[in-house]
Structure formats: C-alpha cells, structure tokens
Amino acid sequence: MTARTLGELLLAADGVTDSGLRLLDGRGRATRVSWAELVRSAGRTAGRLAAAGVEPGDRVALVYPTGRGFFDAFFGCVMAGAVPVPLYPPVRLGRLDEYHRRTAGMLDAVAVRMVLADRRIRRLLGETVAPAAPPLGCRQLAELPRAEPLAVASEPEALALVQFSSGTTLAPKPVMLSHRALLAQTRLLNGFWPDQGELRHSGVSWLPLYHDMGLIGCVLPALERRTDLTLIGPERFVAEPAVWLRAISRYRATVSPAPNFAYGLCVEKIRDEQLAGVDLSSWRVALNGAEAVSPEVLRQFAERFAPWGFRRQALTPVYGLSEAALAVTFSALDGPFVGRRFDRQALYGRGEAVARDDGVELVSVGRPLPGFELSLRAPDGQPVADGRTGRLWVRGPSLMAGYFGRPDDTAEVLVDGWLDTGDQGFVDGGELFLTGRVKDLIIVRGRNHAPEEIEYAVYGLPGVRTGCTAAVAYLPEGGEREELLLLVELRPAADGDLRRELPELCRQRVLAAAGLALDRVVLLEPGTLPRTSSGKIRRQDALRRYRDGRLAPPAAVNVVTLARAMVRSRRAFGRTRSND
C-alpha cells in the first residue's frame, strides 16, 4: 500500500535492517541505525510523549544537533500525531542574546506545547524557553515517563511539520506542511534518480536537520527509498570541509547536496594532503541550491577536484524554497550546468534578457519538476513573456498550507493556488534564471542591480571569506544620493598589509565586473555578518546594524562566557518550571 502520511512511510520501513542512517561523530567514527530500529524507537517515544501530555496536533519544538536524539524525537512526534518544529541549536555562544530573542519568538509564533532538547543544549535554553513558557516545559527524552509504544493514525491533509523559512529579508515565518505535501516532494525527488541495475543510490549530507534541504531533501527520500544516508554535523563540515568529500568517497555516495558557499569553501580550504585515497567518481548528483549559484564557483570546484574523479556533469543547480516543501526546478542530470551571458544594462535596466558575449553570466536552475508550473509576473500581476524579468510565482503539488497563525501573511503569498516566491528572474529557452530577491534588489542612480553580481566579483580575492559578503545601497543621513556599500568578512589569517590593500582591490573587481563604483568597503572580522539559521547572509539586517554601529566583531567565546550563559539558563529554567 502506498504511504499517505509520514507515519505510514516510517512503518513501511519496519523490518528493514540492511540500511538506515550512518551518523559520523567529530572524530569520523560511524554509528549505524537501521530503519527498523528507528521505527521501534519512534513508537516508544510516541508513547512517552503521550504519557507526558502531548496530544495529536500539538507542536513540539526540537532543538538538537545532528545525531540519534533528533531522529528519536522527530519520528516520535510523527508517530504520536504531534507536529515537530525543528529549530537550530545555539552554536554561537558569543551571540546567545540574539539567539534567545529570535528562538523565543519562534516558540511563541507556533504556540509550542513542549520543547525537546539533548542534555547539553538544554542547559543553554533557559532564557529561550522562559518567555514562551510552553505548558509541558523543556525536557530531554530520558525525562519522559515510561509508557507502551504508540502509533497514532493521521490524515494526509493534517499538519505534519512546521518548517521556519530562512528569513533572509524578513523574520523567519512558520511554514505549515501537510503529510500530503511532504510525501509529494519526497516522491518527486526520488523520481529524479531511480535505481538502475546494480546501481543503488545513497547519500551523504552535512546539512542541518532543522533546514528543509537537510531534512526533507535528504532524510525523507532515503527513508522512502530505504537506502543508506550518511550524516555529518554542519559544524564539523565548516571546520574541515574535506570530511564531506572523504565521506562521499568512503561510502560511495551518489547524491549529495549543498548551498553554493559550501562548494566555494571546499575550493578555498581543502588541501591536497587531506584527500589522500579519495575517489569522487561515485558522486553523480551534486545539487547546488538554497542560495544564488555562482558559475565561477562551479567551474573552480569542477577543476579543483577533477583529479580525484569528480565529474563536471554531476553539478546540478536547483531552485526551491521552504514554502514549496523544497524543490521547484532541477537542472538536467548527467549534463553540464548551463551558464549564459546577458547584457547587464538590458537585464537590470529594462528587464530584458538579451544575450551578450561579454555580459553578466547567470546559471540556469533548470526546468520545473513534474506537476509544478512557473509564472513570471510584472508588478501589476500580469504575466510577462519569456525573456523578460518578472516576479516568480509557482504552483505545484507540495506547496505549504500557509503560515501558522498568520492568515494575512498567507493571503499575501498564496493566491488561487499560486505561491509568490519573492524571487525575481526570467525564462530563457525553457529554463529558469534567477536575478535575485525582490527585496534585496539594489537601486543605484536609478538603475537596478542584483547584490549577488557585486558580491561574486570579490570572490577569490586574498583575505575575503567565500560567501561572506553583503552588498547594500542606502541613503546616508543628510545625503543627497544613495551610496553603494560592500561589507566584507576577512579570513582569519589576513595580515595588516592585505587589510590596507583589500578595499581598493574590491573596488577594482566590482568596477570591472559590474560597472559600479563602490562608495565604501567595510572590512569585518570572521563571523560578524548576521545570518539565517541556514547560513544565508541577512543583507538588510546587516545594513541596519551597520547604520546603528552594531557591526562589531563577535565576542570571544571562552569558559567564562559559557559558564555565565549556563547560570542564566538555570535561573530561567527555575522560572519556567514554576509555571508547569
């Protein structure tokens, strides 16, 4: 019988012991958990959640690192008929105040009934949980009462998951996804790489499990296919990107996705000696999505790792968003990515995609998935012709039901079955090209510019952290015209001479690539720019902080910082318990 809900999908894997999750710790040691074991654990957890007072439909926040605890909690919620709400854990102790504020707002936004966290993270969550005061408090799985296993039946249209949007231009919004939408997306993804003969696809991912690409894009397809999925903590990847490629090689993975910055980070940080014995020839689908795709980064990655068997044809740019449960368009598999050049002035000035050999290069993110439709529209809502830029609307089988508790916001973006993505682009030769987020568009001296074009221009400069720049335009107080500002995070090893030279180098690169003169280049220490939970730069937030004088280097994290945070959290937990 075809599964109609996540619970049915999980139960269908009962008895599957020859595949499942492979969890790599910080030392590279692997722990195997079969799908059958996860099914049994989910039933036990579901019973304990019900005994603790969790009822079907209740929202349960999950704050876990990548590990077994997340899956016991997530699938336990599914089996209990509850709604898991994955949230990012506090990873930057120097920014705990911001974390407490943002995450408390998420808990409140969806009226969370319980927060589940592992032992270490729970000790830091007191000030996060206290303002929301969930009725069943913040607990570890081990603290839940013992009970008989449970499996609650759900309906396909019932709420299955609340996935917060990344919030690049606005605060994260709680996206409601039904069982039907999640299973539709899962089957679409698996349809793109069917097993063939002796080839049985498997995956490797370091993507966060609180992000749609990591959870919906990797875990659910592996569960439906009943194949192996190897998981690495995102903090481990950032510290040593080579662990990603070594895992792909060691476990002969065929599918592995990542945002554009990750491919650039690999080029920037991986040394030859870290790839001893690595063979990337099994990697058939290297998905690139979640942020704007840089053609130069793709070329650099393909060239850099070709000696280790990586095939350029594996690079697969895609487009999607949380509100569509993930993917909307895919590039062709087993073919080189498509990059085309367009006249910059025609594209950003008149909204026309005119081919030009020396123009700005954009990467195609492919064609719609089966069942999806695209509509590019003018500001008045009327469709535009192919080759004209417009605001992107999509329609398909895995769209969200809306934003939890926000009917007005929902009505703004869901109209007659169509979703307003907030992105801008055009169709050329049947393929989608994106030109940026509408709200991030830079207007300088009456002309439109995509911030990515400016940011990409300085990639590869010595001392510049890949993917850690923000281009914004603003009107200074008392000024008569808008100024163009580039915020640049430095690599840790950037010395004094390089810091003095870098602003001028940035100006030269941007002038040559985009024909724009930067009014100001601001150099920042690593980790300074504000990011979403999935790592994207929040440009408008960065501009606000710059204008308020709050773009200072992050506070150093030490034992004293950690101890003070834990003391504050214990006090807050005391206040929370008194309300249980």
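## A buried pair: Arg531 and Glu489

Arg531 and Glu489 are both buried (buried is under 20% relative accessible area, exposed over 50% and partly exposed in between, with a 1.4 Å probe and protein chains only). Their side chains meet in a salt bridge, 3.1 Å from N to O; the term stands for a side-chain nitrogen of Lys or Arg within 4 Å of a carboxyl oxygen of Asp or Glu. Arg531 sits in the loop between β28 (520–524) and α17 (539–547), while Glu489 belongs to strand β27 (residues 483–490), so the pair ties together parts that are 42 residues apart in sequence. Helices (H or I, at least four residues) and strands (E, at least two) are DSSP runs, numbered from the N terminus.

A word on the model: it is predicted, so local features need pLDDT of at least 70 and side-chain atom pairs count only at pLDDT 80 or more, whereas totals for chains, interfaces and linings use all residues. Residues are numbered from 1 along each chain as its sequence is written, and side-chain values use heavy atoms, leaving out hydrogens and water.

## Other salt bridges

The count of salt bridges comes to 39. One of them joins the side chains of Arg388 and Glu352 at 3.0 Å, N to O. Arg388 is partly exposed at 35% relative accessibility, and Glu352 is partly exposed at 26%. There is also a network of salt bridges that links Glu98, Arg538, Asp541 and Arg545.

## Helix α8 and its partners

Let's turn to helix α8. Helices α7 (residues 179–190) and α8 (residues 212–225) pack at about 80°, their axes 9 Å apart; axes are lines fitted to C-alpha atoms, for helices over the stretch in contact, and angles run from 0 to 180 degrees between N-to-C directions. Among the contact residues are Leu182 and Leu189 of α7 and Ile216 and Leu220 of α8, where contact means heavy atoms within 4.5 Å.

Arg225 of α8 is part of this contact too. The side chain of Arg225 meets that of Asp195 in a salt bridge of 2.9 Å, N to O. Asp195 lies in the loop between α7 and β9 (203–205), so this pair ties together parts 30 residues apart in sequence. Arg225 is buried at 16% relative accessible area, whereas Asp195 is partly exposed at 35% relative accessibility.

## Cysteines

The structure has zero disulfides (pairs of cysteine sulfur atoms within 2.5 Å). For Cys138, the nearest cysteine sulfur is that of Cys77, 13 Å away. Cys138 is buried, at 5% relative accessibility.
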